[in-house]
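Q: I have a model open and would like to go through it piece by piece. Can you take some questions?

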Amino acid sequence: MADATYAGPVSFTVFTLPAPPDLAGITAELTRLAADRRAEILDVELVGRAEDGSVQRFELSEGLAPAETGLLDEGDLETVARELPDGRLAFVVVYEDRLLAGLAAQVAAVGGTELWVGGVDPDDLDEQHQESAP
């Protein structure tokens, strides 16, 4: 979780899954990421598209249910559901990246502070790499 030393970038990822999904491995990995303090899981949602096109929320397993915080609103989930291919569900994860929290603590220990946090679209990196290739 963000603290006085470090606030990691907050991101989201949407995965598509076949219905019905087996979430055992997914639950284990999210638990491991949180336990290793590499990520703070802020919200998870499992959604699909009903026959009438509306958002259909699915109940999460016991291991994931505590991470379902409602941070994403109906509009967010409608956007996700519209993009789903037929017969697929969306597993949405909102998280804070905590990978550099230990480094930030060391920087703070010597009097440094965090100045910027940002992201780079991977497509931009691919484009730059292709442009610089011989």
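Q: Leaving aside its neighbours within four places in sequence, which residues is Val44 in contact with?
A: This is a predicted model. In it, Val44 is in contact with Leu30, Leu60, Leu64, Ala67, Glu68, Phe91, Val92 and Val93, once neighbours within four places in sequence are set aside.

Q: And in the largest nonpolar core, which residues touch the most other members?
A: Leu30, Val44 and Phe91 do, out of 14 residues in that core.

Q: Which elements each supply at least two residues of this core?
A: Those are α1 (24-35), β2 (39-49) and β4 (88-97). The most comes from β2, which gives four residues.

Q: What about a second core, which residues does it include?
A: The second core is separate and has 10 residues, among them Val47, Ala81, Leu84 and Val94.

Q: Switching to the sheet. What is the strand order?
A: The order is β1-β4-β2-β3, in an open sheet of four strands with antiparallel pairing. At the edges are β1 (10-18) and β3 (55-57), each of which pairs on one side only.

Q: By how many degrees are neighbouring strands turned against each other?
A: On average by 30 degrees, with direction ignored.

Q: How many bridges join β1 to β4?
A: Nine, and the two strands run antiparallel. Within that pairing, Phe15 stands opposite Phe91 in β4.

Q: Where does α1 lie?
A: Helix α1 lies across β1, β2 and β4. Relative to β2, α1 runs at about 160 degrees.

Q: Thr27 next. Where is its place?
A: Thr27 is in helix α1.

Q: Is Thr27 buried or exposed?
A: Thr27 counts as buried because its relative accessible area is 13%, and the cut-off for buried is under 20%. Apart from neighbours within four places in sequence, Thr27 is in contact with Ser61, Gly63 and Leu64.

Q: On to pockets. How much space lies in the largest pocket?
A: About 330 Å³.

Q: Which lining residues lie nearest its centre?
A: Phe15, Leu30, Leu33, Val93 and Tyr95 lie nearest the centre of the largest pocket, out of 17 residues that line the pocket.

Q: Which elements each supply at least two residues of that lining?
A: β1, α1, β2 and β4 do. To tie this back to the core, Leu30 lines the largest pocket and is also one of the residues that touch the most other members of the largest nonpolar core.

Terms used:
Residues numbered from 1 in each chain as written. Predicted model: local features only at pLDDT ≥ 70, side-chain atom pairs only at ≥ 80, totals over all residues. Heavy atoms only, no water. Core = buried A, V, L, I, M, F, W, Y, C linked by side-chain atoms within 4.5 Å. Buried < 20%, exposed > 50% of the residue type's maximum accessible area, 1.4 Å probe, protein only. Contact = heavy atoms within 4.5 Å. Pairing = 2+ DSSP bridges. Axes fitted to C-alpha atoms, helices over the stretch in contact; angles between N-to-C directions. 1 Å grid on protein atoms, 1.4 Å probe; cavity = no way out; pocket = protein on both sides within 12 Å on 5 of 7 lines; lining within 4 Å. Points joined across faces, edges and corners; volume = space filled by probe spheres on them.
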